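The questions below ask what lies behind the labels attached to a protein model, and each answer sets a value against the definition in use.

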Amino acid sequence: MKQNNNSRRMAEQAREKLGYILLYEVADPALDLVTLTGCEVSIDKSMLRAYVSCDASRYDEVSEALQRAKGRIRSLLGKALGWRVTPNIAFVIDTTVDDAEKLARMLEDVPESMEIEKDEFGYPIEEGTQEDVDD
């Protein structure tokens, strides 16, 4: 979504209001332990993209709960923001935390081939050849 300084400021305001609504105004148990990680607002304020994070096993459940509550959330957000236009909300599951954890686990399990000494071209150096080159 195209952004400028005004839309970034509006996105921050919308994030604060939307976070409050998700925490205190919506009483769906499927939305427990859901974190609002960010918002983007279009320049004309007609569209709001909200990024939410949750446990990887709950992606479908949370997506369905957000779709069910979208109308109520939009109504409450429109009243809270006081903008001339109430934006349409698109909820997006933010998987960056899960992807980072997966990458960290992959980096912990270093294959044995990575520990073999290699030359500048990436080929394994055999033990006898290094001494011959030094002579």
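**Salt bridges and strand pairing**

Q: How many salt bridges does a search of the whole structure find?
A: In this predicted model, a search of the whole structure finds four salt bridges.

Q: Why is the contact of Arg-15 with Glu-12 called a salt bridge?
A: The closest N and O atoms of Arg-15 and Glu-12 are 2.6 Å apart, and because the definition asks for a side-chain nitrogen of Lys or Arg within 4 Å of a carboxyl oxygen of Asp or Glu, the pair qualifies. Both residues lie in helix α1 (residues 5–25), three residues apart, about one turn of the helix.

Q: What makes Arg-15 and Glu-12 partly exposed rather than buried or exposed?
A: Arg-15 has a relative accessible area of 30% and Glu-12 one of 35%; buried means under 20% and exposed over 50%, so both residues fall in between.

Q: Why does the pair Asp-28 and Arg-68 tie together parts that are apart in sequence?
A: The side chains of Asp-28 and Arg-68 meet in a salt bridge at 3.0 Å, N to O. Asp-28 lies in the loop between α1 and β1 (35–41), whereas Arg-68 lies in helix α2 (residues 59–81), so the parts that the pair ties together are 40 residues apart in sequence.

Q: What makes β1 and strand β2 (residues 47–53) a pair of strands?
A: They are joined in the antiparallel sense over six bridges, and because the definition requires at least two, they pair. In β2, the bridge partner of Cys-39 is Ala-50. The two strands form a hairpin with five residues between them, and Lys-45 in the turn has a positive phi of about 65 degrees.

Q: In what sense do β2 and strand β3 (residues 88–93) pair, parallel or antiparallel?
A: β2 and β3 pair in the parallel sense, over six bridges, and Met-47 stands opposite Asn-88 in β3. Together with α2, these strands make a right-handed β-α-β unit.

Notes: Residues are numbered from 1 along each chain as its sequence is written. This is a predicted model: local features need pLDDT of at least 70, side-chain atom pairs count only at pLDDT 80 or more; totals for chains, interfaces and linings use all residues. Side-chain values use heavy atoms; hydrogens and water are left out. Helices (H or I, at least four residues) and strands (E, at least two) are DSSP runs, numbered from the N terminus. Buried means under 20% relative accessible area, exposed over 50%, partly exposed in between (1.4 Å probe, protein chains only). A crossover is right-handed if, with the strands pointing away from the viewer, the path from the first strand over the helix to the second runs clockwise.
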